[in-house]
Amino acid sequence: MLNGKKDKWMFNKEDIDKLLMRTNDLEYRHQAASYIQVLGNKIRTQQIISNTAIVFMHRFYTQHSFSAFNRYTVSTACMMLACKVEEQPRRLDILIRASHSMLHPKAEPLSSSSSSYHHRAQEIIMHEHFLIETLGFELSIDHPHSHVIQITDKIKASRDLCKSSYLFATNSLHLTTMCLCYCPKVIACVCINLACKWGNWEIPKSNEGRSWWEYFTPPGVTQEKINGTLIDDVII
């Protein structure tokens, strides 16, 4: 196991493969993540909130199907909950109007006195309840981004390498299910290694002759895993 410790939200490759065999599962995850990112930009939240909402979305759909729960309604609920968890709450009416403008760009803005507005409000609140229940009140998320910053600082990497690694960490949320398979520190190391390959950077071995990533990953992670198996999960 490459996660350092057991976690109910960590799944093996076989479990993930079964999930992705569901009709359009990965495509819907991409769409939901993209929707969350744009919604976060519209309501002017920090990136960490969008990241947290995307993790909530990925976890929710390990327990439920996209056919049973609309991805955009769930994603809006994920954003509302993430804003609260990260202590930057947004009013429900702001979320409703931003969501409506995205899903119905040619329609008139919703009036707060309309039945459509009240229906949408109840729908989002209900889905937030489903979301919290599904997550089992485990709402604190450890993201790979903070580990990217810490590790690149410790190995005295360049600012450009840190920025590229940080971007790959965000892409891993948008484009893959890595957050369901590996602990954040391992994902951070994979992203740093991928950024090194992409930018042709090289991190020298320590005076002990060890590779940099060996100081930050749990037992069981090998050079082959860092270079190959895990990177295959990043690039789709």
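Mentor: Let us begin with handedness. A crossing is right-handed if the near helix is turned clockwise from the far one by less than a right angle, and left-handed if it is turned anticlockwise. In this predicted model, helix H7 passes helix H8 in a right-handed crossing.

Trainee: At roughly what angle do the axes of H7 and H8 cross?

Mentor: The axes of H7 (residues 144–154) and H8 (residues 159–175) cross at roughly 160° and come within 9 Å. Angles over 145 degrees count as roughly antiparallel, and H7 is therefore roughly antiparallel to H8.

Trainee: How many of the 16 residues of H9 are buried?

Mentor: A residue is buried when its relative accessible area is under 20%. In H9, 12 of the 16 residues are buried, so this helix is largely enclosed by the rest of the structure. Among them are Val-186, Ile-187, Asn-193 and Leu-194. Just after H9, Asn-200 takes a positive phi of about 60°.

Trainee: How does Tyr-72 count by its relative accessibility?

Mentor: Tyr-72, found in helix H4, counts as partly exposed because its relative accessibility is 22%. Leaving aside residues up to four places away in sequence, Tyr-72 touches Gln-31, Tyr-35, Leu-103 and Arg-120.

Note on methods. Residues are numbered from 1 along each chain as its sequence is written. This is a predicted model: local features need pLDDT of at least 70, side-chain atom pairs count only at pLDDT 80 or more; totals for chains, interfaces and linings use all residues. Side-chain values use heavy atoms; hydrogens and water are left out. Axes are lines fitted to C-alpha atoms, for helices over the stretch in contact, and angles run from 0 to 180 degrees between N-to-C directions. Helices (H or I, at least four residues) and strands (E, at least two) are DSSP runs, numbered from the N terminus. Angles under 35 degrees count as roughly parallel, over 145 as roughly antiparallel, 65 to 115 as roughly perpendicular and the rest as oblique. Buried means under 20% relative accessible area, exposed over 50%, partly exposed in between (1.4 Å probe, protein chains only). Contact means heavy atoms within 4.5 Å.
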